[in-house]
Number of protein chains: 2
Amino acid sequence: MFVSELISRPPLSRDYSRRTFPDHASPCPPLRSLPGIICHTSTIWENVLDLATPVRLSKGTMLYPDTKDRQPFFYLKKGKVRINKMDEEGKEFYPHYILSGSLIYDAFFLTCGQIPSMPLKMLEDSELHMFPSSMSFEDILSIHPHLARNMAYSQAVKDLAYSRLACINMYVKPFNRACIFLHEMYDIHRHGTFEPGVTQSELAMMLNMHKVTMANIISQLKREKIVGQFTKTKVSILEPARLKELGLKE
Amino acid sequence: MFVSELISRPPLSRDYSRRTFPDHASPCPPLRSLPGIICHTSTIWENVLDLATPVRLSKGTMLYPDTKDRQPFFYLKKGKVRINKMDEEGKEFYPHYILSGSLIYDAFFLTCGQIPSMPLKMLEDSELHMFPSSMSFEDILSIHPHLARNMAYSQAVKDLAYSRLACINMYVKPFNRACIFLHEMYDIHRHGTFEPGVTQSELAMMLNMHKVTMANIISQLKREKIVGQFTKTKVSILEPARLKELGLKE
C-alpha cells in the first residue's frame, strides 16, 4: 500500500477553529517510551481525529511513503508498527517500533519533507488516522496550542529513545545490550512486572543480534534467577540491580 | 560550573509580547546537521536573545545541570559543545556535538524535566544564551509561533541525527562506520569540499573507535584517492560513490 493511494480519501471534517480539550488531555504525558520503542506520547490527538482520514491496515501490510513535498503525518490509535530503514537491495535493518498513542511521520512533517521517510510494517491489525497533507503547523496551533506543544514533546521523546538506543548499540557484546535494555524497561515501568510491547525476536532485531542469541541470553538470565519470564505479554525482572551491573560490565 | 550558579543572573528583558521577525528568520531552515552533530537548526532565536542571560564559557569548561524540575534551555550562538553521557565512574561515553546556531537542553524543557540532562563540555570558547527557567511554552508561543515551530523542528532534526548515528553504529567494523559517516557528510554538504565541524579524534569518539583506528582508516582512504584531505577545517571527498559502496560492504 502507498501513502499516495490514501491521500484521495477525505477527512471527516475540516474544522480548524479553536477547540476546548478536556483537562486530562495533557500535552506532556508521563514518559512511557523505551529506547527504540515509542508509545503513549500523544493521546491528546484523540480529540481531533475527525480532522483525519481513518485507515485500517491488517497485520503484515506494508505502507510505503511515496508522496514528495508534503508528507502527511499519522496518529496510531490502535496496533503496532515497525518503521525500518531499507538498504539498496530492500533488506530491512535498524528497525524501531511505534505502539499505540503515538504520532508517525511527524519529523517529516516538521522538517517540510527534508527528512526522507521510511516504510511502515503493521505488526498487528492497526488503526491509523492520517491528517491531511494540506494541514499546516499554523492550522494545528489554531485548533489548540497544546497540539503543537505535544508535537514538540513527541519529538523530544523520540530524541531520547533514539539516542538511548544508539548508546546501547555501542556495546559490542550482545549480552551487554540485552541486559542494559531490560534494565531500561524496568526503569521506565518502575515495577518488576510489565507488558513488554515487543517480542523477544523484535527486540533481537532492534538490538542487532540473532533471535537465537537473544533467546539464549534470556534463558541464561532465567537460570540465574535475574529474569523471571519474558513472554509476549509479560516480563518479570527479579534482580534489576544485578541486571544493570551485568549490562555495564565489559 | 553548575547551571544553578547561572540561574541567579537575570536576563536583559522580560518582554514576552508579540514580536515581528524579519522574513529571513525561517522556523524550518535547510538541513545542515549530521548524525550526532547538530548545527544551524535555530537562527530564529537570535531575534529574542534579550530575553536570555548571556553566558561566556571558555574552552574546556564543563557545565553540569544540577537544577531539578525546570531546566533552562540554551541557545549556542558561538562555539562548540560536546554533550555526554557519563557512567557511574564519571567516564564519558557516547558523545554528540552541538555547533553554533542550535538549541541545547530543549528536549529537557519540552518534557518538563522527565528526561535527565547531561553535562556539557566547551570544545571552543563558547557564547551561550540561557533562557529563564520560568519561561513557558505558552510564553514562547506568545512572542512568535515560529519560535515554537522551530523548537519542534530542532527536535525533529535531532531525531534524525540520533537515529542515523544509531544506524551507523550498528555496523560492527570501524571501517564501515567511518565510510558511511563520511558519505553522509558529503550528502548533506552536496559538495566534495567542506568544513567538517569536528576533528578526526572527535569523530572517532562518536563512532566508538580509537583515534588511531580512525587515523589509519583516513590514511587508507587517502592512499586509495577516495578522500583528498581531512583537516580540522577542510575535508575533501574525491570518490563519494566508492565511499558509499565500501561503507555498506560487510
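Good morning. Please keep in mind throughout that the structure above is a predicted model.

I begin with chain A. Its secondary structure consists of eight helices and twelve strands. Along its principal axes, the C-alpha trace of chain A spans about 60 × 45 × 30 Å. How does the radius of gyration of chain A agree with that of a compact globule? A compact globule of 250 residues would have a radius of gyration near 18 Å, and chain A has 19 Å, so the two agree.

Let us turn to charged pairs. Over all chains, a search of the whole structure finds 14 salt bridges. One of them joins Arg56(A) and Glu127(A), whose closest N and O atoms are 3.5 Å apart. This pair links distant parts of the chain, since Arg56(A) lies in strand 2 (residues 53-57) of chain A and Glu127(A) lies in strand 9 (residues 126-130) of chain A, 71 residues apart.

Next, the interface. The size of an interface is often given as the accessible area lost when the parts come together. Between chain B and chain A, the buried area is about 3900 Å², and carbon and sulfur atoms give 66% of that area. The contact draws on 44 residues from chain B and 44 residues from chain A. How many salt bridges cross the interface of chain B and chain A? The rule finds zero. It does find nine residue pairs in polar contact across this interface, both residues being at pLDDT 80 or more.

Which parts of chain B touch chain A? Strand 6 (92-99), helix 2 (106-110), helix 3 (137-143), helix 4 (145-168), helix 6 (200-206) and helix 8 (240-248) of chain B each supply at least two residues to that side. Helix 4 of chain B gives the most, with 17 residues. By residue type, the side of chain B that touches chain A divides into 29 nonpolar, seven polar and eight charged residues.

Finally, I come to a sheet in chain B. Strands of a sheet pair through backbone hydrogen bonds, either parallel or antiparallel. Here, three strands of chain B form an open sheet in the order 10-12-11, with antiparallel pairing. Strand 10 (193-194) and strand 11 (227-230) of chain B stand at the edges; each has a single partner strand, so one side of each is left without a neighbour in the sheet.

Strand 11 and strand 12 of chain B form a hairpin, with four residues between them. Strand 11 of chain B pairs with strand 12 (residues 235-237) of chain B over three bridges.

Thank you for your attention.

Methods:
Residues are numbered from 1 along each chain as its sequence is written. Chains are lettered from A and ligands numbered from 1 in the order in which they are written. This is a predicted model: local features need pLDDT of at least 70, side-chain atom pairs count only at pLDDT 80 or more; totals for chains, interfaces and linings use all residues. Side-chain values use heavy atoms; hydrogens and water are left out. Contact means heavy atoms within 4.5 Å. Buried area is the accessible area (1.4 Å probe) that two parts lose on being put together, summed over both. A salt bridge is a side-chain nitrogen of Lys or Arg within 4 Å of a carboxyl oxygen of Asp or Glu. A polar contact is a pair of N or O atoms within 3.5 Å; within protein, one must be able to donate a hydrogen and the other to accept it, and residues adjacent in sequence count only if both atoms are side-chain atoms. Ala, Val, Leu, Ile, Met, Phe, Trp, Tyr, Cys and Pro count as nonpolar, Asp, Glu, Lys and Arg as charged, and the others, Gly among them, as polar. Two strands pair if DSSP finds at least two bridges between them. The radius of gyration is taken over C-alpha atoms; the globule rule is 2.2 Å times the number of residues to the power 0.38.
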